[in-house]
Amino acid sequence: MLLSTVIFLPLLGVIAIALLRGLGATAVKGIALGIGLLTFIISLGLYTGFNADTATFQLVEQKNWIPGGVSYHIGVDGISLWLVLLTTFLTPVCILAAWNSVEKGLSGFMMSLLALETGMLGVFCALDLFLFFVFWESMLIPMYFLIGIWGGERRIYATVKFVLYTMAGSALMLVGILALYFQNDNSFDLTTLSGPFEHSDLLFLAFFIAFAIKVPLFPFHTWLPDAHVEAPTVGSVILAGVLLKMGTYGIIRFCLPLFPDAAEKFTPLIVTLAVIGIIYGALVAMVQPDLKKLVAYSSVSHLGFVVLGLFSKSSAGIQGSMLQMVNHGLSTGALFLLVGMIYERRHSRMIVDFGGLSKRMPIFATIFMIVTLSSIGLPGLNGFVGEYMILAGSFVGQAFSKVYVVFATAGVILAAVYMLWMFQRVMFGTLDKTNEGLPDLNAREIVVMLPILLFIVWIGVYPKPFLSKMEKSVGVVVTKVQQTEPAMGQLEQQKSRDPKLALQETLRTQHEKREKEAEQ
């Protein structure tokens, strides 16, 4: 029941707020923060009780739900564990960050935030395809309200665009889920799925496009900048910190292990798009005049690295991608929090409106500097570990040409350019008279940032506790994506050397085709 408690405890908070919102804003905020903290504390039991020596799903719960092969089946492994903990960690941070920033509809805001947490946790824990789809779609509703009600001036446009993109991908994924259902003895159970599947190329594309939209991978990224810019601060934090990881999680949970042959076939195309996204996102971020939009485009670049590592099909590359999902959630989430804090003081996000803030806001400038260096991958901070493992695993692995890695490395340099240039323009130079009265961070805001800074340094200095929990589970995925490659490669080599063998293979294929036509 531990896992179900973690998933659905936020919904109890939603009910409590709905019943007690008449007590006032302070009570609503207290209930939301209390439920968020309690959920995080309970979720720590997932870490302490997790056995890193096995790759099997743990804390499994399974109950029949709907006749016809649908069950309430949940569990965690080394792949989902850290994403669950990241979600439960960021939610109370967001609640505390929004303490004084929401003026209208506070109870609805907090209810949406807690309901969103349940949806995200369900996605990472679901082991039934139907249940996964239900959680995947349910998180759209509270996010729709967060952006559409508490967003900026163009919030309706951004919300509709976000929903339409996601629903388009969801439609494809639903077709893929139903196809797997009929090929799995009318069962949605993920743990019983084993290929090869009929039409695996089409099934792979159905799932991959849905997840690529959520990542988002170039060229499916155009919804992201609008959603980030128009969303309230905590909406951007959750969007960048957790929601985008649902896409990369789906790739490693479904696309790679279920369709290894199709993944092998489409790897050159996908890696090309990932590298384009890395460089394109960095170049576009470099010219952004808006702080929030700069951070939004940086996500396109950073998550390109994650996709690159996933398709390296090496243990180091995939572990690096998993760690980088957590790193991106911390670093980019912190950047959005800091942009929100300065916006509340100045009511502007334009870089040109700032300059010399380090003289007036030294605490803010110090924290901003640490998070900026983390985002560009400075050794000793979290971003370095993930990016190094991704690039090293991709370079050593045999999944694609090393040329891709060389071009991807340019993204690291470009990240340093746009982030440090932004930091220089905001923090140094002449202090404008308009900014002379800006107050530094208060105690609440420092408390919001300190836990994130702790993990930024911890992962950078000692990542072993994080990597050790995912090693076995990642190893299973690596085995699945690699096991068919040698056999396929050996067969092709034999056919190229022996024309007789190639002729026999052709005749066998033609014979099978005629038999199928005769049966029809």
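A: Leu19 sits in helix α1, which covers residues 2-20. The model is predicted, and the values below are computed from it. Leu19 has a relative accessible area of 67%. Exposed means over 50%, so Leu19 counts as exposed. Leu19 also belongs to a nonpolar surface patch of about 540 Å², together with Leu12, Ile15, Leu20 and Leu23.

Next come helix α8 and the loops on either side of it. The loop between α7 (155-183) and α8 holds His199. His199 is not a glycine, yet its phi is positive, at about 55°. Its relative accessible area is 59%, and the cut-off for exposed is over 50%, so His199 is exposed.

Asp201 lies in helix α8, which spans residues 200-214. The relative accessible area of Asp201 is 24%. Buried means under 20% and exposed means over 50%, with partly exposed in between, so Asp201 is partly exposed. From Asp201 to Leu335 there are 134 residues in sequence, and the two are 39 Å apart in space, C-alpha to C-alpha.

The peptide bond leading from Val215 into Pro216 is cis, and its omega is near -10°. Pro219 is placed in the loop between α8 and α9 as well. Phe218 and Pro219 are joined by a cis peptide bond, with omega about 5°.

A pair of helices comes next. Two packed helices are described by the angle between their axes and by the distance between those axes. Helix α10 (residues 233-258) packs against helix α12 (residues 291-310) at an angle of about 15°, and their axes are 11 Å apart. Angles under 35 degrees count as roughly parallel, and α10 and α12 are therefore roughly parallel to each other. The crossing in which α10 passes α12 is right-handed.

His347 has a positive phi of about 55°, although it is not a glycine. With 60% relative accessibility and a cut-off of over 50% for exposed, His347 counts as exposed.

Note on methods
Residues numbered from 1 in each chain as written. Predicted model: local features only at pLDDT ≥ 70, side-chain atom pairs only at ≥ 80, totals over all residues. Heavy atoms only, no water. Patch = residues over 30% accessible without salt bridge, like charges linked within 9 Å, V, L, I, M, F, W, Y side chains within 5 Å. Areas by Shrake-Rupley, 256 points an atom, 1.4 Å probe, with all protein chains shown as cover. Salt bridge = Lys/Arg side-chain N within 4 Å of Asp/Glu carboxyl O. Helix = DSSP H or I, 4+ residues; strand = E, 2+ residues; numbered from the N terminus. Buried < 20%, exposed > 50% of the residue type's maximum accessible area, 1.4 Å probe, protein only. Axes fitted to C-alpha atoms, helices over the stretch in contact; angles between N-to-C directions. Parallel < 35°, antiparallel > 145°, perpendicular 65-115°, else oblique. Left-handed = near helix turned anticlockwise from the far one by under 90°.
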